[in-house]
Amino acid sequence: MLLIALMMVMPVVAQDVADDDEVLISVPNNNDYVAIPKTAGADSLSLAAQATNSNVGLQHKKVAVVLSGGGALGAIHVGALKVIEEVGIPVDLVVGTSMGSIVGALYSVGYNSDDIATMFHTMNWTDLFLDRENQDRLTLSDRHARNTYIYDRGFYVGSGVDPQPGGLIRGTNVEKAFEYYLHGHTDSINFLTDLPRQFACVATDLVTDSEVDLTSGYLVKSIRASMSIPGVFTPMHFGDMVLVDGGAKNNFPADVARKLGADYVIGVKFELGLGTDREYRSLMDVMERSAGSDVSRRARDNEKYCDVLIKVPVRGYSSGSFGRNALDSLMMRGEVAAREKIDSIRVLKGLAGVDPNGDYTIHLRDMSKLPLSLDEEDGGLIDVRKNNTIEASLGARFDNEDLVALKLRGRYFLGGKVNKELDLTLRLGLRSMLRLDINLEPWTFRKMGVSYEFWYKYCDLYTKGHRSNNLSLIYQKANVKLLQLDAMNFDCELGVGWEHYHFFKGLWNEHSTMTFPVNEHYFNYHLRLRYNNEDERYFTRSGMRAEARYDYFTDNFAQWKGHGGIHAVMAMWQMTFAITQSTHIRPLVQGRMLFGDDIPTTLGNVAGGISYGKYFPQQLPMEGFGHFEFFDKTLLRASLRVQQRVTGRHYLMLDGSVVEHNTKLSDIFDRKPLWGVQLSYFYNSGIAGPLGCTLGWSSHTHRLNFFVTLGMEF
């Protein structure tokens with residue numbers, strides 16, 4: 001979470017710089033960037049404006065709008081622009097820094113304030129600030145793996161050179177989003193002549209420690225440079241310049257608007273305001289207050305260039321307040337503050353010589369005609385491999401049963417005629433694991449390979465609702481993947497495996513009815529089919545998930561203890577239905593059946609807890625059962641979840657299930673069914689996964705159980 005805090009805090013930074021500091025600008029010269037130092041006797045930005053004949057064709061004085069940086073606080077600009085549109089004053093030039101450059105670019109290409117408000121609401125800001133690929137376009141196995149990690153990063157090895165080092169996040173999703181919304185203006189252009197409204201944005205050159213005002217080049221990359229938080233986003237390389245967030249030098253660039261020929265300037269900036277000592281006790285409060293742009297001399301000095309200055313109070317919000325309600329509130333505050341200045345804006349409209357009957361609105365973009373998604377035009381599967389790269393991933397989780405757990409993964413893609421992949425995964429916690437995979441991909445999305453897993457597990461086993469066994473065990477598994485077909489929503493695997501259990505001396509009591517041998521191993525042949533088109537893993541709103549698996553277990557590749565082997569069949573189906581926009585139901589039907597004699601305990605049906613395969617590979621979750629135990633050879637489970645989004649990212653979930661079990665399928669309904677219920681609250685943190693707690697009760701245990709979980713399941 002510290003990473004996210006840094007990401008959101010840095011855009012509000014605006015360091016003090018002297019008025020005579022050197023400034024580098026870009027001017028049109030065959031669509032390249034030309035750096036010109038600001039000297040005592042030259043106004044380079046004015047020269048840039050003259051070079052583009054920026055005032056030619058105007059029938060009124062040139063009006064500019066200046067938008068400050070500030071992360072989520074930049075939502076205030078949307079509300080302010082709404083009032084400016086209502087007054088009908090023409091906006092000829094937009095100048096912005098960081099988030100102000102994002103809003104400014106969208107406004108300059110022809111979107112209006114309502115369009116930009118819609119974008120703020122529909123953007124997944126967590127995914128936008130990360131490098132993760134669109135989950136809908138990953139293969140099923142890659143999608144499942146990505147849903148267990150909070151951070152992924154690729155590194156070039158060997159002769160490969162990382163083209164953009166120097167940051168935790170490359171910003172690929174940010175660039176994709178800009179290319180989507182700014183389509184038609186993604187080639188190298190002149191921002192002062194080739195856009196419906198003139199545009200400029202501010203960045204900082206790390207090489208010379210100077211301000212750079214971008215007025216030409218690639219619009220998407222210029223915006224990306226203006227909001228590149230140092231150390232978080234990788235810098236943008238433009239020729240000899242290495243550009244990062246413009247807020248470090250000029251977070252409120254009203255002076256740039258004047259130098260580009262603006263006759264009148266309307267400025268929009270946030271105001272943190274003064275607080276009491278009790279309001280600066282958190283890390284976020286202290287960092288934002290100490291680094292906020294409103295305590296910067298440069299930002300205050302630039303207010304003098306504004307004819308109308310709209311200061312928006314943002315107390316109670318931070319640059320990381322990207323929640324729906326927070327963004328709505330910030331937009332409203334921007335609108336309210338602008339309405340307080342509406343008379344001044346009207347006076348300015350008259351001074352600018354605006355035709356009272358003229359229509360100066362520029363709304364050239366129709367949101368309804370945009371593609372359905374960022375990937376619609378080039379949809380299809382994404383091959384996440386990049387030859388000669390290592391992809392590193394990190395996952396973290398806390399719960400009151402497993403305590404703290406970490407998951408680390410490294411994937412090395414070798415490439416070649418036959419794509420090769422080495423995959424090493426490490427889990428640290430009460431359940432510790434080491435896994436090594438070697439995969440070959442002779443055909444696209446069709447794999448062959450071998451894998452090995454080593455687990456150490458410590459757990460409590462329950463019998464008829466009472467704790468009966470305390471187990472410590474080592475579990476090993478080797479698998480030969482004969483063929484895997486890994487598609488977008490479908491996965492099929494055929495393989496041969498070996499499994500081994502070693503049980504340490506455990507604690508037993510009078511409730512125990514089971515015995516576990518010190519060592520037990522078996523071979524298996526297996527076929528697994530999976531289908532999943534759910535929109536997301538933890539807070540699903542649409543889609544279906546289904547799985548079927550068949551295993552044949554032996555001790556010598558043919559038989560089990562001198563007779564036929566053991567057959568295991570598992571099937572599951574789950575569907576999500578929308579009742580209202582915020583209410584969904586998810587019915588599920590699942591079962592596992594065993595056929596054969598002398599079935600070992602370790603292959604038996606295991607159910608309980610809230611996670612699949614937590615202590616034994618075949619373990620099924622069961623609502624209301626706080627712990628797991630073994631059941632008869634045939635087990636059927638039906639459950640129903642009611643998922644209610646209360647507000648924003650807050651969810652309530654009510655789950656109920658009925659379980660039938662017996663030795664034979666024909667006798668499955670002869671016993672009284674077991675049932676359980678549980679009520680859960682979760683907060684969808686996005687990058688860190690679900691954060692919440694669950695309270696459950698079952699007819700089998702006759703006791704309440706309480707479970708806290710923070711993070712993704714793995």
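Modeller: Happy to; here is a short tour, from the whole chain down to single residues.

Modeller: This is a predicted model, where local features need pLDDT of at least 70 and side-chain atom pairs count only at pLDDT 80 or more, while totals for chains, interfaces and linings use all residues. Residues are numbered from 1 along each chain as its sequence is written, and side-chain values use heavy atoms, with hydrogens and water left out.

Biologist: Thanks! How many helices and strands are in the protein chain?

Modeller: The protein chain has 14 helices and 33 strands. These are DSSP runs numbered from the N terminus, with helices (H or I) of at least four residues and strands (E) of at least two.

Biologist: And what share of the residues is buried?

Modeller: Of the 714 residues in the protein chain, 53% are buried. Buried means under 20% relative accessible area, exposed means over 50%, and partly exposed is in between (1.4 Å probe, protein chains only).

Biologist: How about contacts between residues 24 or more positions apart, what percentage do they make up?

Modeller: They account for 65% of the contacts in the protein chain with a separation of 6 or more. A contact means heavy atoms within 4.5 Å.

Biologist: OK, switching to rings. How many aromatic pairs does a search of the whole structure find?

Modeller: The search finds 16 aromatic pairs. Rings of Phe, Tyr and Trp (its six-membered ring) pair if their centres lie within 6.5 Å; planes under 30 degrees apart are stacked, over 60 edge-to-face, and the rest tilted. One of the pairs is Tyr501 with Phe503, which is stacked, at 5.9 Å centre to centre and 5° between the planes.

Biologist: Are Tyr501 and Phe503 buried or exposed?

Modeller: Tyr501 is buried at 1% relative accessibility, and Phe503 is buried too, at 5%. Another pair, Tyr522 and Phe553, is edge-to-face: 5.4 Å centre to centre with 90° between the planes.

Biologist: Which strands do Tyr522 and Phe553 lie in?

Modeller: Tyr522 is in strand S23 (residues 519-532) and Phe553 in strand S24 (residues 543-554), so this pair ties together parts that are 31 residues apart in sequence. Tyr522 is buried at 0% relative accessibility, and Phe553 is buried with 4%.

Biologist: Which residues form the aromatic cluster?

Modeller: Tyr475, Tyr501, Phe503, Tyr615, Phe616, Phe628 and Phe630 form one cluster. The charged end of Arg431 also sits over the ring of Tyr615, 5.8 Å from its centre. That label applies when NZ of Lys or CZ of Arg is within 6 Å of the ring centre and within 35 degrees of the ring normal.

Biologist: Nice. Which ring does Arg197 lie over?

Modeller: Arg197 lies over the face of Tyr107, at 4.1 Å from the ring centre. Val91 is in contact with both of those residues, and also with Val63, Val65 and Ile84, leaving aside neighbours within four places in sequence.

Biologist: Where is Val91 found?

Modeller: Val91 is in the loop between helix H3 (76-87) and strand S3 (93-97). Its relative accessibility is 5%, so Val91 counts as buried. Val91 and Val63 are 28 residues apart along the chain, with their C-alpha atoms separated by 5.4 Å.

Biologist: New topic: what does the side chain of Asp152 make a polar contact with?

Modeller: The partner is the side chain of Ser393, at 2.5 Å. A polar contact is a pair of N or O atoms within 3.5 Å; within protein, one must be able to donate a hydrogen and the other to accept it, and residues adjacent in sequence count only if both atoms are side-chain atoms. Asp152 lies in strand S4 (residues 151-156), and it is buried, with a relative accessible area of 12%.

Biologist: And Thr425, which strand is that in?

Modeller: Thr425 belongs to strand S17 (residues 419-428) and is buried at 6%. A polar contact of 3.5 Å joins its side chain to that of Asp423.

Biologist: Last one: how many disulfides does the structure hold?

Modeller: The structure holds zero disulfides, taking a disulfide as a pair of cysteine sulfur atoms within 2.5 Å. As for cysteines, Cys306 is buried at 14% relative accessibility, and Cys459 is buried at 3%.
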